[in-house]
Amino acid sequence: MRYIFKFPDIGEGIDEGTIAEWYIEKGQTVQVGDALCKMETDKVVTDIPSPKNGTISARYGKIGETINVGDPLVEIEIEGTEADAGNEQQTEAVEEEGAGVVGTLEIAGNNAFLPASDEGFDEKEEEDKKPKKKALATPVARAMAKELGVDISKVTGTGPANRVMKEDIQNHFNQSGKSKTPSNSNISGENEVEIEPLSQLRKSIARNMVQSKQNAAHMSVFDEIEIEELIRIRTKYKERFAEQNVKLSYLPFVLKATAMALRKFKALNSEMDLENNQMIYKKYYNIGIAVDTPDGLVVPVIRNVDKKTIFELASEINEMAHKARNKEISLDDMKDGTFTITSFGSIGGMFAVPVINYPQAGILGIGRIVQKPVVKNNQIVPGNVLPLSMSVDHRIVDGGEVTRFLNQIMEYLSDPVSLIID
Amino acid sequence: MTTVHKYNLPDFDIFNNDQANKNYSFWIPDKKYLILGQSNKPEDSLFEEKVNEDNLTVYKRPSGGEAVILTKNTLVISIVFTAENFENPGKYFSIANGFIMNALRKLGISNIGQKGISDITIGNKKILGSSIYRRKDKIFYHAVLNVSESISQIAYYLKHPKKEPDYRKGRNHQEFVTSIRAEGFTFEIHEIISAIENEIISNNHN
């Protein structure tokens, strides 16, 4: 019979590891304690020992491949007394704790034991009676099958030795007309749905958003500012910038105004370190810009904004936008932000309640500039109004502070020359 | 193109030598070395141009984790454990780091803690990184303690790591790493060695 040995939890609180080296080949005999492979996690490189005596009938994963705790690592054909034992003993053996092996093992369930041979069975008649045969598949394919609700044993593998590959799962799923929905989904089977595995970016966004909402005490304020002078200046310099292949939007001005206001309101450029009961006030002004891409939201960071000219900021924004469009934003591009601006107005919408890029203290949302009546010199005249939405972590920033901060930004934007004077 | 050497530095002797008198060792590097983690690539982890310009030797250690720099102002601490039944290796971080943290506390360094998977910190800044390599029943713990090395040295040769512990929160080397000296403690390396050794011996790990 076969015993499926799964990658055990080696106790660092991590859930995956990378196969660094295989020590065994298919067909090789192993004893309890023999090293099967070398596995690397974040801090540990360790041999993974065999929990059983037997012959390796399959091994999963290539060198360099990352697998999750609980994914099959090898299948061992067990011989001798264990194999000769009756079904009851087989079940006992499957459910035992992984004594003598790394940590507490996740042992495969009953169907991890396979008959050594299918002889004597009419496959169709006995299909429901016998344990399901464990399909040969890559760990990625297994995860994908689980995600899409595909019965992997019904998929024809196209990989080596008919191993089921990721593409096979996708093809099977596509051909099945989406007949399966995840068992834990609350979607009715009668409604047509499309199911896609979560991308890493979407998972990351989900994790960060929930972390922010769970840890920060969100509070928002809104305001509007008439930006006639800013429009005049932008119009004046737009052509000049374009001659140097730099597109001038309003964002560089907002960036600069925000960085200069942050210098005056240090709480907005800080984070709370509860572990050590302290506030961390940052003396550098790195502002992240939330960028909408087809794959999801990314937040590249413009560094030392307070020290840069409008031209330099415009150039960097252009560069980041180019990188975002071409999926070239790196982890380094998104690190070290101290505050975030989200400029959703370029798409539409006036106000929003932005979610703080935790552990930062605040985020500023820029809405769409609209023409609306404003009062100037006691006259109602048409004005160009920029809506601002600001969320802060109320644990760090009080209402008065954030309002004064927003007033300061509006003051800079209504008189853009002050951005180079102050 | 950076040449990466197989790890054979003095701290590894106690692991390779079954006849070693002690199952721990302290090594003060004689010069600068750059050490990659098992799966690190020089181009991802190092500013190769600077490393090669300064003619530094690069090694790849058998254990995991990210690249580190060893200098005369750092202390490499190694401990070998023999684990029956292939126990969970993660717990050996707690044991070994426990020796070191107790020793540092006894020297009067306050605010010592363990963060991430296996870092030792003063406040929110890292002073020691560690990793583990296990072969059969032997577990090799090794760690680098920054006694007095300038953080600019780290930032000069090492890129921002691809993986980082949660508590790093994107901080660059200058903001994330510190040394015992930079935190205001002026112990000589030998005083620190003596304190850690006492801690190891008093816990019968020798």
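Q: How far from the ring centre of Y3(A) does K52(A) lie?
A: This is a predicted model, in which local features need pLDDT of at least 70, side-chain atom pairs count only at pLDDT 80 or more, and totals for chains, interfaces and linings use all residues. Residues are numbered from 1 along each chain as its sequence is written, chains are lettered from A and ligands numbered from 1 in the order in which they are written, and side-chain values use heavy atoms, without hydrogens and water. A charge sits over a ring if NZ of Lys or CZ of Arg is within 6 Å of the ring centre and within 35 degrees of the ring normal. K52(A) lies over the face of Y3(A), and its distance from the ring centre is 5.1 Å.

Q: Over which ring does the charged end of K266(A) sit?
A: Here is another charge over a ring, again in chain A. The charged end of K266(A) is 4.3 Å from the ring centre of Y281(A).

Q: How many aromatic pairs are there over all chains?
A: Rings of Phe, Tyr and Trp (its six-membered ring) pair if their centres lie within 6.5 Å; planes under 30 degrees apart count as stacked, over 60 as edge-to-face and the rest as tilted. By this rule, the count over all chains is 18.

Q: Why is the pair of Y7(B) and F12(B) edge-to-face?
A: A ring pair is described by the distance of the centres and the angle of the planes. The centres of Y7(B) and F12(B) are 5.8 Å apart. The pair is edge-to-face because the planes stand at 80 degrees.

Q: Which residue forms an edge-to-face aromatic pair with Y24(B)?
A: The centres are 5.9 Å apart, with 65 degrees between the planes. The partner of Y24(B) is F26(B).

Q: Is F26(B) buried or partly exposed?
A: Buried means under 20% relative accessible area, exposed over 50%, and partly exposed in between (1.4 Å probe, protein chains only). Y24(B) has a relative accessible area of 5%, so Y24(B) is buried. F26(B) has 21%, so F26(B) is partly exposed.

Q: Which strand of chain A does β17(A) form a hairpin with?
A: Strands (E, at least two residues) and helices (H or I, at least four) are DSSP runs, numbered from the N terminus. The hairpin has 2 residues between its strands, and N377(A) in the turn has a positive phi of about 50 degrees.

Q: How many bridges join β17(A) to β18(A)?
A: Two strands pair if DSSP finds at least two bridges between them. Strand β17 (residues 370-376) of chain A runs antiparallel to β18(A). Q371(A) has N384(A) as its bridge partner in β18(A). The number of bridges joining β17(A) to β18(A) is 7.

Q: What is the bridge partner of D223(A) in β18(A)?
A: Strand β9 (residues 218-226) of chain A pairs with β18 (residues 379-393) in the antiparallel sense, over 9 bridges. In β18(A), D223(A) is bridged to L388(A).

Q: In what sense do β15(A) and β16(A) pair, parallel or antiparallel?
A: β16 (residues 362-366) of chain A is antiparallel to β18(A), with 5 bridges. β15(A) and β16(A) have 3 bridges, and T342(A) is bridged to G365(A) in β16(A). The sense of the β15(A) and β16(A) pairing is parallel.

Q: Which side chain does D336(A) join by a polar contact?
A: D336(A) is in the loop between α9 (310-325) and β15 of chain A. Its relative accessible area is 16%, so D336(A) is buried. A polar contact is a pair of N or O atoms within 3.5 Å; within protein, one must be able to donate a hydrogen and the other to accept it, and residues adjacent in sequence count only if both atoms are side-chain atoms. At 3.1 Å, the partner is R303(A).

Q: Which residues of chain B are in contact with D336(A)?
A: Contact means heavy atoms within 4.5 Å. Neighbours within four places in sequence are left aside. In chain A the contacts include Y284(A) and V301(A). In chain B they are G170(B), R171(B) and N172(B).

Q: What is the relative accessible area of L128(B)?
A: L128(B) is in strand β9 (residues 125-135) of chain B. Not counting residues up to four places away in sequence, L128(B) touches residues including I77(B), I100(B) and L145(B). L128(B) is buried, with a relative accessible area of 0%.
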